[in-house]
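The paragraphs below go through ring pairs, a ring cluster and charges over rings.

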Amino acid sequence: VMGAPESRGVLRRMSDMLEMLMKRMDILARLENSTDFHKGDEARFPLDRFQPAAGLMERIQAIAQNVSDIAIKVDQILRNSLLNGKVMEGRRDQCEVPRDPKYPDCASKVEWMRARWTSDPCYAFFGVDGTECSFLIYLSEVEWFCPPLPWRNRTAALPSPPPLPRVQAAFQSDLAHLLELIGTGKESLSFMKKRIRHMTQQWLRAALRLEQKLKGRQRDQKHILIHIGFLTEESGDVFSPRVLKGGPLGEMVQWADILAALFLLGHSLRVTVSLKELQSHLGVPPGRGNCPLTSPLPFDLIYTDYHGLQQMKQHMGLSFKKYRCRVRVIDTFGTEPAYNHEEYATLRGYRTNWGYWNLQPTQFMTMFPHTPDNSFMGFVSEELNKTERQYIKSNKVSSMAVVYGKEASIWKGKEKFLAILNKYMEIHGTVYYETQRPPEVPAFVKNHGLLPQHEFQQLLRKAKLFIGFGFPYEGPAPLEAIANGCVFLQARFNPPHSSLNHEFFRGKPTSREVSSQHPYAEDFIGKPHVWTVDYNNSEEFEAAIKTILRTQVDPYLPYEYTCEGMLERIHAYIQHQDFCTTSSPPLPPKAKSPAMQSPPSPLALSPNATHLMWSPSASRDPHAWPPVDSLQVWVSETRHACTETCRRRGLVCEPTFFRFLNKKEVFLQLSITCDSTEYEMNHLYPAVAENVHECYLQKEPLLFSCAGHNTKYRRLCPCRDYRQGQVALCRDCL
């Protein structure tokens, strides 16, 4: 986008450059005719190098003539344009910044545009040219900080026609198209495709069972973008080169399973692992990412990770804030509300490299259900049929142990445990190496090297014990081992590992305390399949091995980690989670006149007076999810978070129910004395400081948190029931 002087200047420079080029070609032509030139340099400059010189000269002369002609025509066009556009230019230069209380930021945005509109080419792309009117057109029609100009064509402001009926989702029975969508070119993509192929029959059987369970229920087909940010070159893609060298595969296992589940549920998918593809699919204008998208976002949902989230924010401009409610973030270890709220995290010391996104906490989706503040996405493990279970039972080698750890560094310093284990069992490893056996692996260990997934499964089917040495945390392998009939032995951490005392968790947006290598296996499965012992106590460690040798276990896989369990969970999320239309809880009430009465509480004291529950006489929103009658309100002990408080009662904390607890009358219903009640921003509220009878309600809904405890407070906790083997869903949630 250039004015008359710039256009003329560019053409003049082009003409000058062509003239200079012709002069140099003329010199070369004269050299070509020199006999001395050929005699001296024949070896270094072959003659055929200069044969086309005459033809090239003619072409350059023709181009120069064309440029000259273009310059004359452009000059004429510019003169006519200036004459014909004087009235319009006058209008454009006469625009004044409107003073409209509905658009309080308009004046400051225009001022910013005056100073910075050349900082990003995207503004010129949308027609900004430095005039006041172009600023106002942009700020009213592309962004939304200024009112529309009355003299502009208003057809764009007319109401859009009603949307067409949504296509209904239909369960898929052929995964071949999904494999095409995933693409090629990276080892990580090859790994994911191999996994999907291997699990195809299990996925198809599970999809058929869920389809029968849903009994033809109507489901809208969603347009979904899957952007795997950690595999893009811009984020470093450290995973792909390590797939064949023992690198971590947990994230790729989960992404493969997410892709399979979304596809089988019948949704329309686009898959990207490059920033360029992401920009193309989103409709990012050319420039540096400061402008909104060129058209409405064509996707109902976007599944990505923290890397992808950062890339989207950098390139979507204001559209990121507009559309972030459609994002689902695959987040292995979870993001607690205190770290997610930008202002609160900054003020209270919870700021990390990964948090402060101000999303709804349930938009983060984890690998294990360690905090109900986030949604549990999970992954799947292979389910055995009756024949396979019988084969495993008859072919188990009771004295065979497999060590959890493909990288040699995990074995370092573990000689003491290995020596004790070697007294009772034959030890097998799957440590990656290229030429020489890693020195960290003792000679008495039978090391198979890095095994393909199928061969690793066969090894687990023979072994009695799968033993972890404390790292990696919370991976899929222990569940696979338990599903193949192994006992999993792991270390108890005392004190628990967290961001306060352990380098691995430092900087992660969670204060969660990890009591063992695999807390899910410890808390949700437990003995006889999982043994968690103090590895610093040799006697306890040795006694556990002796007991495990005498213990018979069958293969076990929690329902939530089967293909059907994952399909069921993702189906429920897509059908019921809507972060774009959810209304915010009411703000703190203002002082009421005596004539004004609060509506009656929908909660009632339970028959045994220990907690509150949804009153049978209270109305229910039929669209509320989870259903409100699954709610129970319990008061925590001072040392317990709501997560623990609910778990001790066979329930799970449900953060979407906090809005029903965040009322002064709830304290009264629970016979809690409040000498004062304050609204404040604190991730532990609503809560009571009992020793001083001070009650606190939550001022910021994004800070409602199941996680967190303080010895000063007893917290009000919203708990709910859950389906057997499916902690993410209440009994009536499907």
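In this predicted model, Arg 219 lies over the face of Phe 171, with a distance of 4.4 Å from the ring centre.

Next come the contacts between rings. A pair of aromatic rings is described by the distance of the centres and the angle of the planes. With centres required to lie within 6.5 Å, the count is 39 aromatic pairs. One of them joins Tyr 520 and Tyr 561: the centres are 5.1 Å apart and the planes stand at 75°, so this pair is edge-to-face, the cut-off for that class being over 60 degrees. The pair links distant parts of the chain, 41 residues apart. Tyr 520 belongs to helix α21, residues 519-525, whereas Tyr 561 is in the loop between α22 (538-550) and α23 (563-576). Tyr 520 and Tyr 561 are both buried.

Phe 657 and Phe 660 give another geometry. Their ring centres are 6.1 Å apart and their planes meet at 45°, so the pair is classed as tilted. Phe 657 has 1% relative accessibility and therefore counts as buried. Phe 660, at 13%, counts as buried too, because the limit is under 20%.

Ring pairs also build a cluster, made of Phe 333, Phe 471, Tyr 473, Phe 493, Phe 504 and Phe 505.

Terms used. Residues numbered from 1 in each chain as written. Predicted model: local features only at pLDDT ≥ 70, side-chain atom pairs only at ≥ 80, totals over all residues. Heavy atoms only, no water. Phe/Tyr/Trp six-rings, centres within 6.5 Å; stacked < 30°, edge-to-face > 60°. Helix = DSSP H or I, 4+ residues; strand = E, 2+ residues; numbered from the N terminus. Buried < 20%, exposed > 50% of the residue type's maximum accessible area, 1.4 Å probe, protein only. Lys NZ or Arg CZ within 6 Å of the ring centre and 35° of its normal.
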